[in-house]
Amino acid sequence: MALAQSIPTPEQLQVPETEAAPKKLSMVVFSGDMDKAMAAFIIATGAAASGIQVTMFFTFWGLKLIQDGERTGSSVFGRAMGLMNRGGIDRVGPSKFNFLGVGRWMFKKMMRSKNVASLPELREMATDLGVKMIACNMSMDVMEIPEGKLITDVDQVAGVATFIEEAQQSQTTLFI
Amino acid sequence: MALAQSIPTPEQLQVPETEAAPKKLSMVVFSGDMDKAMAAFIIATGAAASGIQVTMFFTFWGLKLIQDGERTGSSVFGRAMGLMNRGGIDRVGPSKFNFLGVGRWMFKKMMRSKNVASLPELREMATDLGVKMIACNMSMDVMEIPEGKLITDVDQVAGVATFIEEAQQSQTTLFI
Amino acid sequence: MALAQSIPTPEQLQVPETEAAPKKLSMVVFSGDMDKAMAAFIIATGAAASGIQVTMFFTFWGLKLIQDGERTGSSVFGRAMGLMNRGGIDRVGPSKFNFLGVGRWMFKKMMRSKNVASLPELREMATDLGVKMIACNMSMDVMEIPEGKLITDVDQVAGVATFIEEAQQSQTTLFI
């Protein structure tokens with residue numbers, strides 16, 4: 001009996017291996033540029049569509065992508081930032097060739113003509129596919145963006161520790 | 001006998017652990033800037049040289065790094081983009097201090113004087129070391145870059161699902 | 001006895017699984033922008049505070065974050081770069097809305113008013129938490145930054161192979 005007890009059962013042999021755990025992908029969305037946001041949401045929705053648990057942690061300029069587009073800020077600085085950074089996901093411009101908005105218009109037109117989903121559509125798709133969207137509380141505090149000015153699809157307002165925990169369970173981590 | 005059968009053999013105990021699988025590194029090359037491209041190719045060739053399987057997924061501005069340098073685009077927008085984005089890997093400028101091309105010239109000169117491989121040389125090295133280069137089909141479609149305008153070293157034209165599959169098998173993933 | 005010997009002991013069953021190995025996070029700090037540097041140091045200190053071994057590999061513009069702030073460069077190009085890139089971690093500006101330094105001043109003021117640690121404080125915290133800081137020797141060579149102009153908290157001057165080794169042992173890798 002002692003021998004039998006010393007023989008590990010198949011269950012005891014089970015190690016929590018990477019393959020068995022749910023597959024996860026976590027990304028920091030730091031950028032609020034149109035082109036990088038496209039890349040972020042395309043990767044997120046693509047991964048979620050193939051059964052991977054996806055977490056997007058929006059911080060700094062990335063917060064613009066999950067704001068409702070209304071003005072924010074209470075202090076002089078906060079309001080100045082809100083003004084410079086105003087408009088929601090539909091007003092972000094590309095990181096290059098923006099030319100005061102011409103680039104944004106051109107990119108949108110090119111993508112529409114190629115039947116590529118727009119940013120608002122991609123974000124909706126992400127929500128439908130169960131992508132977890134977390135807003136960085138520290139950035140919100142510094143940029144004076146209250147929780148009420150975020151879109152309702154945001155799952156959580158949390159700090160960097162939450163991202164780090166998600167990242168540790170993820171096979172793939174990206175900083176965009 | 002029943003007991004002996006219930007005792008797992010060493011082979012059965014083998015779990016598919018990370019160490020046993022081939023080591024892999026996957027990166028999204030989103031940027032077409034000279035300095036970031038240098039970083040991408042230096043990491044890729046460094047990893048490949050130490051026996052790691054490397055996949056580079058070129059998307060958005062990164063496509064410039066694997067184009068033959070000829071003009072692209074058929075629509076007005078496509079041609080405008082092809083014009084702004086023309087020139088292959090040898091014409092990309094740094095993300096900072098470009099000053100209308102002076103920065104590019106200066107960086108090239110500094111790197112040559114320090115015997116650092118140039119971007120075309122690094123890309124060739126990557127090919128020689130078996131780095132897998134994938135071109136993003138969606139970006140190619142939006143930017144109107146036909147497959148014939150890519151360098152022949154490109155291994156595959158594929159979508160985001162292919163990158164996600166590669167990334168899931170990789171210990172290291174980067175977005176550059 | 002032969003049977004007993006063929007039965008693996010719990011110790012023998014132990015596979016080097018991800019959970020058992022020390023948790024690690026490695027990042028390439030390519031950017032020298034204030035906002036991205038904030039993100040890098042906040043992630044690094046956050047991870048280190050929760051018991052994760054963190055390695056920061058500073059390369060290209062990121063080197064500015066671990067310089068003592070004195071002028072660098074010996075050749076004409078090196079001195080021009082040292083001039084453009086002068087000042088240590090306290091003089092870096094944000095990637096957006098810098099407006100010749102106004103943005104930097106504004107961001108600093110906003111962060112101070114929200115009790116967010118400054119970059120010099122975050123870097124000191126990183127050192128105190130045992131974050132390993134590596135300076136990229138190739139970038140130092142190209143940009144003509146001698147080892148003596150780095151802060152003394154830098155643990156190592158090394159090449160890309162060292163980063164790749166660290167990255168292979170890490171659950172989380174980021175390129176910032």
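A residue is termed buried when its relative accessible area is under 20%, exposed when that area is over 50%, and partly exposed in between, with a 1.4 Å probe and protein chains only. By this criterion, buried residues account for 56% of the 176 residues in chain A. The model is predicted, so that local features need pLDDT of at least 70 and side-chain atom pairs count only at pLDDT 80 or more, whereas totals for chains, interfaces and linings use all residues. Residues are numbered from 1 along each chain as its sequence is written, chains are lettered from A and ligands numbered from 1 in the order in which they are written, and side-chain values use heavy atoms, with hydrogens and water left out.

Chain A contains eight helices and five strands, where helices (H or I, at least four residues) and strands (E, at least two) are DSSP runs numbered from the N terminus. Along the sequence, the elements of chain A follow the pattern α-α-β-α-β-α-α-α-β-α-β-α-β. With contact defined as heavy atoms within 4.5 Å, residues 24 or more positions apart account for 73% of the contacts in chain A that have a separation of 6 or more.

In chain B, five strands form an open sheet in the order E4-E3-E2-E1-E5, with parallel pairing; two strands are taken to pair if DSSP finds at least two bridges between them. Strand E4 (156-158) and strand E5 (172-175) of chain B stand at the edges with a single partner strand each, so one side of each is left without a neighbour in the sheet. On average, neighbouring strands of this sheet are turned by 20 degrees against each other, direction ignored. Helix H8 (residues 160-168) of chain B packs on the sheet and touches E1, E2, strand E3 (132-136), E4 and E5 of chain B. The direction of H8 makes about 145 degrees with that of E1(B); axes are lines fitted to C-alpha atoms, for helices over the stretch in contact, and angles run from 0 to 180 degrees between N-to-C directions. Six bridges join strand E1 (residues 24-29) and strand E2 (residues 53-58) of chain B in the parallel sense, and B:Val29 stands opposite B:Phe58 in E2(B).

In chain C, strand E1 (residues 24-29) pairs with E5(C) in the parallel sense over four bridges, with C:Ser26 opposite C:Thr173 in E5(C). In a regular strand the side chains alternate between the two faces of the sheet. Within strand E5 (residues 172-175) of chain C, C:Thr172 and C:Leu174 point one way while C:Thr173 and C:Phe175 point the other way, and all are buried.

Several loop residues were examined individually. Most residues other than glycine have a negative phi. A:Glu144 has a positive phi, near 55 degrees, and lies in the loop between helix H7 (137-142) and strand E4 (156-158) of chain A; A:Glu144 is buried, at a relative accessible area of 11%. B:Phe60 likewise has a positive phi, near 45 degrees, and occupies the loop between E2 and helix H4 (76-84) of chain B. The relative accessible area of B:Phe60 is 9%, and the residue is therefore buried.

A:Ala117, in the loop between helix H5 (102-113) and helix H6 (119-128) of chain A, counts as buried at 18% relative accessibility. Neighbours within four places in sequence aside, A:Ala117 is in contact with A:Met38, A:Leu122 and A:Met125. A:Met38 is 79 residues from A:Ala117 in sequence, and their C-alpha atoms are 9.2 Å apart. A:Asp33, in the loop between strand E1 (24-29) and helix H3 (34-49) of chain A, is buried with a relative accessible area of 11%. Again leaving aside neighbours within four places in sequence, A:Asp33 is in contact with A:Gly93, A:Pro94 and A:Ser95, and also with C:Lys96.

Chain C is superposed on chain B by a rotation of 120 degrees with 0.0 Å of shift along its axis (RMSD 0.0 Å). The two copies are thus related as by a three-fold rotation axis; superposition was by least squares on the C-alpha atoms of residues with pLDDT of at least 70 in both. The contact between these chains takes 31 residues from chain C and 36 residues from chain B. About 3000 Å² is buried between chain C and chain B, and carbon and sulfur atoms give 77% of this area, buried area being the accessible area (1.4 Å probe) that two parts lose on being put together, summed over both. C:Phe77, C:Gln168 and C:Phe175 supply 23% of the area that chain C buries against chain B, more than any other three residues.
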